[in-house]
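Please keep the sequence numbering at hand while following them.

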Amino acid sequence: MAIAIPHRLLFIDGEWREPIQRKRIPIVNPSTEEVIGHIPAATAEDVEIAVDAARKAFAHNKGKDWASASGPHRAKYLRAIAAKITERKSELAKLETIDCGKPLEEAAWDIDDVASCFEYYADLAEGLDAKQKAPVSLPMQQFKCHVLKEPIGVVGLITPWNYPLLMAAWKVAPALAAGCTAILKPSELASTTCLELAEVCREVGLPPGVLNILTGLGPEAGAPLASHLHVDKVAFTGSTATGSKIMTAAAQIIKPVTLELGGKSPILVFEDVDLDKAAEWTLFGCFWTNGQICSATSRLLVHEGIATEFLDRLVKWSKNIKVSDPFEEGCRLGPIVSAGQYEKVMNFISTAKNEGATILCGGVRPQHLKKGYFVEPTIITDVTTSMQIWREEVFGPVLCVKTFSTEDEAIELANDTHYGLGAAVISKDLERCERVTKALQAGIVWINCSQPCFCQAPWGGNKRSGFGRELGEWGLENYLSVKQVTEYTSDDPWGWYQSPARL
């Protein structure tokens, strides 16, 4: 399918601008390995201009144009963005698919979620004014106190390539709803739809400088954004290694950060399950989005009493997954996003085999696909807890398996990880599900499913999966600063010091 990639520049202060160094980065279609276009490559000089534009937009007219404008005023723009996204759904879904390789049906679902996210935060923006001056009860009658919630300022938003426009929406929508101004830096591996978001913002008349979008490499654009003295907060989704660097840079000037990082999430399948239902959720939890999900439940813990039969079902279900060009009807697994990521996934599989694990199915390029970064859905057994495949995030369609005999053993194995983003438990015994849910060390737990995500519910992890929560009301709070205002209301002097008049 021929898709025209729009030629875009950087989006700064409401205008398209050529990067200072005039560099561009090739866009590679992961299905064909062909260069299909280019994106602009921002550097520190461009970051400087964008941050200056965002600061001016935040302070313009003493904040009355954006930062301290009414919630309904900002909501109007968020709803207009949502409407434009919906209007351009078909085009945006195709751009997402050709850019990052996810099946077209998934991409279309993502674009719906993008529009819903902007609508949701428009609702919250409209309700924000009513929450201002919330009273605080005090024990002393001569004082009264209330709380103001104010936008935190200029925010740097750094997003990944697995859900390019959706992950941008998760950050942009609440930041703008709160009254912040922002610089968005999407991943250089998949930026095309984020540049189209810039065009949408231009079309709806978003005030200049409120949202600036810089594409480019992490070290050249992301790093100077994260460490910039005049960026008041950074919100990052991506690898734990990069998150650590961002946190280190922010620590130098005590800058707040929200980090949504890697994962190696478990899925616990007990002996009382419907095998086919559990098999589908197990595969969906790991192979959705071509296996490139930070929350992928890629460690399967299955009760030893059903392990043989369950694995047989998993293999049959896996072999029925259509791996193809993501534009083909019925595609359920597309390519890995890039050559580098493809090599990384294949190295994980090779290392697992060398360490003594068994590749039960998959682990190779599909025979019918000679080009593109495709990997068959892969299931790996005979895994020990010390193996790389069990402990490290693969970010590809690779599921590793261990068995357990007791509930306590399953919980211990599930929690034996540096990560703590997601977890799933599959069982007909809902009391057991509740016990296990409380015991799992994760920010998100799914019961009898894996991976459903709604913009109304909080999202985030524990341990090395990061901290802070996105989505829901928690996502809005990320971009708000709380100010205590206390007033002395008595006509009497405070009386702590002796008045000079009485001396």
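In which helix is the place of L124? In this predicted model, L124 belongs to helix α4, which takes in residues 104-128. Is L124 buried or exposed? Its relative accessible area is 15%, and since buried means under 20%, L124 is therefore counted as buried. Leaving aside residues up to four places away in sequence, the residues that L124 touches are G472, E473 and L476. One of these, G472, lies 348 residues from L124 along the sequence, yet the two C-alpha atoms are 9.1 Å apart in space.

The helix that holds L124 also packs against another helix, α5, made of residues 164-178, and the axes of the two come within 9 Å of each other while crossing at roughly 10 degrees. Because angles under 35 degrees count as roughly parallel, α4 and α5 are described as roughly parallel to each other, and their crossing is right-handed.

The next element to trace is an open sheet of 3 strands in the order β5-β6-β22, whose pairing is antiparallel. Its edges are formed by β5, residues 134-136, and β22, residues 480-488, each of which pairs on one side only. Neighbouring strands of this sheet are turned against each other by 30 degrees on average, with direction ignored. Strands β5 and β6 are joined by 3 antiparallel bridges, and the hairpin that links them runs through 6 residues. On the other pairing, β6, residues 143-151, is joined to β22 by 9 bridges, again with the strands running antiparallel. Which residue stands opposite V136 in β6? The residue is C145, and C145 in turn has T486 as its bridge partner in β22, whereas K149 has V482 as its partner in that strand.

A parallel pair can be examined next, for strand β10, residues 233-237, is joined to β11 by 4 bridges and the two run parallel. Within this pair, A235 has T258 of β11 as its bridge partner. In a regular strand the side chains alternate between the two faces of the sheet. In β11, residues 257-260, V257 and L259 lie on one side and T258 and E260 on the other, and as all four are buried, both faces of the strand are covered.

Finally, there is an open sheet of 7 strands with mixed pairing, in the order β14-β15-β16-β13-β12-β18-β19. The edge strands are β14, residues 358-361, and β19, residues 444-447, each pairing on one side only, and the twist from one strand to the next averages 25 degrees. Within this sheet, β13, residues 299-303, pairs with β16, residues 398-404, in the parallel sense over 5 bridges, and H303 has F404 as its bridge partner in β16. Helix α9, residues 275-287, packs on the sheet and touches β12, β13, β15, β16 and β18, with its direction making about 135 degrees with that of β16.

Conventions. Residues are numbered from 1 along each chain as its sequence is written. This is a predicted model: local features need pLDDT of at least 70, side-chain atom pairs count only at pLDDT 80 or more; totals for chains, interfaces and linings use all residues. Side-chain values use heavy atoms; hydrogens and water are left out. Two strands pair if DSSP finds at least two bridges between them. Axes are lines fitted to C-alpha atoms, for helices over the stretch in contact, and angles run from 0 to 180 degrees between N-to-C directions. Buried means under 20% relative accessible area, exposed over 50%, partly exposed in between (1.4 Å probe, protein chains only). Contact means heavy atoms within 4.5 Å. Angles under 35 degrees count as roughly parallel, over 145 as roughly antiparallel, 65 to 115 as roughly perpendicular and the rest as oblique. A crossing is left-handed if the near helix is turned anticlockwise from the far one by less than a right angle, and right-handed if clockwise.
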